[in-house]
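Colleague: Hi! I'm new to this one, could you walk me through it?
Modeller: Happy to, here it is.
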Amino acid sequence: MAEIWHGLIKAIELIISLDPEVMEIAGRSLRISVTSCLLASFICIPLGSLIHFHNFRGKRAVINIIQTFFSLPTVCVGLFVFVLFSRAGPMGGLGIMFTPTAMVIGQMILITPILLGLTISALSGVSKEIVDTAISLGASSFQTTVAVLREARYAVLAAVTMGFGRAIAEVGCAMMVGGNIRGFTRVITTTISLETSKGELELSIALGIILLSLALIVNVALNRLQLGYSRGK
Amino acid sequence: MSLIEVVGLNHRYGERKVLENINLKINKGEAFALIGPTGAGKTTLLRLIDLLEVPASGEVYFDGIHIPKSGRQRLKVRRRMAFVLQKPQVFNLSVYDNVASGLRWRREEKDRIDKKVNGILEMFGLEGYRNRNARTLSGGEAQRVALARAMVIEPEILLLDEPTANLDPGSTAKIEQLVSYISEQGNTTIIMATHDMPQGQHLANRIGVLLDGKIVQTGDAEQVFRSPQDEEVANFVGMENIIEGVITANNQGMVMIDIGGAAIQAVSGYPVGEGVYACIRPEDITLALSRTQSSARNSFYGKVTQVTSFGPLSRVEMNCGFRLVSLVTKVSVEELSLQKRKEVYASFKATGVHLIKRRDG
């Protein structure tokens, strides 16, 4: 128990003193997760709109598959990216294995189903009458899509926030494709995993507190968005 | 030339036929009301005219131009129209942004948008709501925003689908005033669907009756409400007295109709022996306590069976050997002490009787 207390106090000291290593790791975590989340959003929001606004054979099956992948195990994604980008893999020539780029790609794959699925369900929440209103006021197909996305903005932002939360909190993929290289690919989750196994609790707890704080910020933001959405309704 | 022409339009949802062989011409500047009961196909017809849906078969012409079933031409034509839906629909944006939407989609310049939106907000009495989120407005206010949003784009055709169906009387009056104003300006052709017959009567110059997906009669309010084409239309337009009979005499256009014991006089060209329905509007029947001398050629003695009041009027049902319904003022009910079993004389003019030829006659 004393060890935990000691670790906790030390951790708080590390945070308050803005310890360079802690800040560097936390900064990298944020950079990688924000990048993966933004890139995935750029792909998933238009793609989700495309799926929502077009009727095609097997649409229901596609949505079911997307929803199934919500709980995609991070290590599976890690394995997939590893196989893809390892030296002997089909894209090994790019030489991005064990780099932040590979970690971004891994996180993007991990959160794509969440962003895609939640974007589709956010758009489904907009009434057919609103779509008709936009069309009847002379909106083109693209303008209608933008108008509907704007109507569903709170729910879409909630989807993006959820994706970010999943990206920053995952450890399996980051470890497998980043390699947890100090000063290069080491992020909060991989550091906690490594330091805990070494018995170095102070750094782990400090980073754990930062990760929890980030989760809290994400959660508060999510709640505020949902509050704004229900007020808007 | 007609602004809108619909030729042989048919539409179905799955196996259900919604519209059948609709042929309709609507002229520039006209205010046309489509009346019909719920489920008659009014909304579907408006949606097809606004090019929100593609008909199963048939053609739509806008200002003489044939509208294709797909392609950019549809958007171009749709941008010359505006549609206000039955349920007030507003975007989750400020009132200003709601009203500006259509102009922005037409890529109008910011200054022009500002000028037009502010002008229309003032005209519709919405200037005080400019920055308010439109979702926080009442139903009536939201419908005014929807109407302002439609009118700001200066549409050649304004389509209104039961614009006051969900509103309180105060809001209904405001919307009707605005529609009436738009109609008076004469720049906008209005096509309005309603099941509220008085509304159709006072807002439109021409009315089309849509029953079971078919347009069964078109004409001005007088024609539709006083001279319905068949029994179905008569029933729908509130012709409460529809009495079956046979013409027994025709004296230079003044006919005598035997309605099973009693006889009604009417003005008609139908020959003797023709089976007809004699239709009398309830407001055309006057009541008195004794047989009075008047120009009314039809006068029947009867007993009141029911008095129902609604608003300033009362509906009096009588048994005169046949059933008659009269619509009188509340004051008349009080003056004549009308109540159940009261003996009265019901009178109506021969010119107040509209005859419809019976299909089986």
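Modeller: We'll go through a helix pair, the chain contact and some strands.

Modeller: First, some ground rules: this is a predicted model, where local features need pLDDT of at least 70, side-chain atom pairs count only at pLDDT 80 or more, and totals for chains, interfaces and linings use all residues. Residues are numbered from 1 along each chain as its sequence is written, while chains are lettered from A and ligands numbered from 1 in the order in which they are written.

Colleague: Thanks! At what angle do helices H3 and H5 of chain A pack?
Modeller: About 130 degrees, with the axes of H3(A) (residues 59–68) and H5(A) (residues 100–124) 8 Å apart. Helices here are DSSP runs of H or I with at least four residues, and strands are runs of E with at least two, numbered from the N terminus. Axes are lines fitted to C-alpha atoms, for helices over the stretch in contact, and angles run from 0 to 180 degrees between N-to-C directions.

Colleague: And which residues of H3(A) and H5(A) meet?
Modeller: Ile63(A), Ile66(A) and Gln67(A) from H3(A) meet Pro113(A), Leu116(A), Gly117(A) and Ile120(A) from H5(A). Being in contact means that C-beta atoms, placed from the backbone, lie within 7 Å. By class, that contact has five nonpolar, two polar and no charged residues. Nonpolar covers Ala, Val, Leu, Ile, Met, Phe, Trp, Tyr, Cys and Pro; charged covers Asp, Glu, Lys and Arg; the others, Gly among them, are polar.

Colleague: Switching topic, how many residues does each chain give to the contact between chains A and B?
Modeller: Chain B gives 20 residues and chain A gives 15 residues. On the chain B side, H3(B) gives the most, with three residues. That side divides into eight nonpolar, five polar and seven charged residues.

Colleague: Now the strands. What is the order in the open sheet of four strands in chain B?
Modeller: The order is S2-S1-S4-S5, with antiparallel pairing. Two strands pair if DSSP finds at least two bridges between them. S2(B) (16–27) and S5(B) (65–66) are the edge strands, each pairing on one side only.

Colleague: How many bridges join S1(B) to S2(B)?
Modeller: Eight. As one example, Leu9(B) has Ile22(B) in S2(B) as its bridge partner.

Colleague: Last one: what do S17(B) and S18(B) form?
Modeller: A hairpin with three residues between the strands, and Gly321(B) in the turn has a positive phi of about 95 degrees.

Methods: Two residues are in contact if their C-beta atoms, placed from the backbone, lie within 7 Å.
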